[in-house]
Amino acid sequence: GGELKTIALNLDLKITTFNKKGGIDFNLISELRSFIKKEKFDIVHTHNLAPLIYGTIASSLAFNRHLIHTRHGREEVKANSLIWALNQKVVTISHDAKEFMLKHNNINPNKVTVIHNGIDLKTFDRPLTNEQKVNFKRELGLKEDTLILGNVGRLAREKDQGSLIK
């Protein structure tokens with residue numbers, strides 16, 4: 001659900017929600033398998049560990065062999081080698097993330113592809129004028145020679161905000 005569901009519904013996109021119970025939810029695997037068979041998807045795409053496990057098992061039981069998984073971070077995500085064998089591709093957003101995945105999982109390296117994030121950073125390349133910098137520091141009660149560093153990101157271990165602070 002959440003904000004994305006509202007946006008998708010406003011765009012007249014079809015949304016189906018599945019609720020996972022605590023622990024291993026075998027019923028969810030069955031529901032997903034039935035849904036994949038009924039909708040006859042060409043590709044099943046998963047992201048994050050639980051969708052990887054549930055989506056891979058359900059797709060395989062539905063005889064859908066077109067599975068793609070994406071990994072954005074470098075946190076240790078370990079899945080059984082059979083799960084990785086059933087996925088046709090694993091996509092990471094950097095070569096570093098690819099190496100991390102290969103180091104911590106038994107994945108055929110030929111299955112792992114890097115597709116970098118598609119954010120056009122030129123959109124954000126508008127330096128502040130000296131006057132804007134001085135006014136901003138004044139608003140914050142800072143001295144004019146204070147260094148200000150901006151950062152946008154989740155406060156999560158895999159984003160490694162600690163290294164930035166150090």
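Predicted model: local features only at pLDDT ≥ 70, side-chain atom pairs only at ≥ 80, totals over all residues.
Local features are reported at pLDDT of at least 70 and side-chain atom pairs at pLDDT 80 or more, whereas totals for chains, interfaces and linings use all residues. Residues are numbered from 1 along each chain as its sequence is written, and side-chain values use heavy atoms, with hydrogens and water left out.

Helices (H or I, at least four residues) and strands (E, at least two) are DSSP runs numbered from the N terminus. Two strands are taken to pair if DSSP finds at least two bridges between them. Strand β1 (residues 44-47) and β2 run parallel and are joined by four bridges. Within this pairing, Val44 is placed opposite Leu67 of β2. Between β1 and β2 the chain passes through helix α3 (residues 49-61), giving a right-handed β-α-β crossover. A crossover is called right-handed if, with the strands pointing away from the viewer, the path from the first strand over the helix to the second runs clockwise.

Strand β2 also pairs with strand β3 (residues 89-92), in the parallel sense and over four bridges. His69 has Val90 of β3 as its bridge partner. Here the chain crosses from β2 to β3 by way of helix α4 (residues 81-86), and this β-α-β crossover is right-handed.

Solvent exposure was classified by relative accessible area: buried means under 20%, exposed over 50%, and partly exposed in between (1.4 Å probe, protein chains only). Strand β2 (residues 67-71) is largely enclosed by the rest of the structure, because four of its five residues are buried. Thr70 lies in this strand and counts as buried because its relative accessibility is 13%. Polar contacts were defined as pairs of N or O atoms within 3.5 Å; within protein, one atom must be able to donate a hydrogen and the other to accept it, and residues adjacent in sequence count only if both atoms are side-chain atoms. The side chain of Thr70 makes such a contact with the side chain of His45 at 3.1 Å, and another with the side chain of His47 at 2.9 Å.

The structure holds two salt bridges, each defined as a side-chain nitrogen of Lys or Arg within 4 Å of a carboxyl oxygen of Asp or Glu. Lys14 is exposed at 61% relative accessibility, while Glu39 is partly exposed at 26%. Glu39 also forms a salt bridge with Lys38 (3.4 Å, N to O). Through shared partners, the salt bridges join Lys14, Lys38 and Glu39 into one network.

A nonpolar surface patch is formed by Leu4, Ile7, Leu9, Leu11, Leu13 and Ile15, which together have about 570 Å² of accessible area. Patches consist of residues with over 30% relative accessible area and no salt bridge, like charges being joined within 9 Å and nonpolar side chains (Val, Leu, Ile, Met, Phe, Trp, Tyr) within 5 Å. Accessible areas were computed by the Shrake-Rupley method with a 1.4 Å probe; for residues, only the protein chains shown count as cover. Leu11 of this patch is located in the loop between α1 (2-10) and α2 (26-39) and, with a relative accessibility of 57%, counts as exposed.

Most residues other than glycine have a negative phi. Asp12, although not a glycine, has a positive phi of about 60°. Asp12 is in the loop between α1 and α2 and is exposed, with a relative accessible area of 74%. Phe63 likewise is not a glycine and has a positive phi, of about 65°. The position of Phe63 is in the loop between α3 and β2, where Phe63 is exposed at 64% relative accessibility.

A further pairing in space involves Glu158 and Arg74, whose C-alpha atoms are 6.1 Å apart although the two residues are separated by 84 residues in sequence. Glu158 belongs to the loop between α6 (130-139) and α7 (161-165) and is partly exposed, at 27% relative accessibility.
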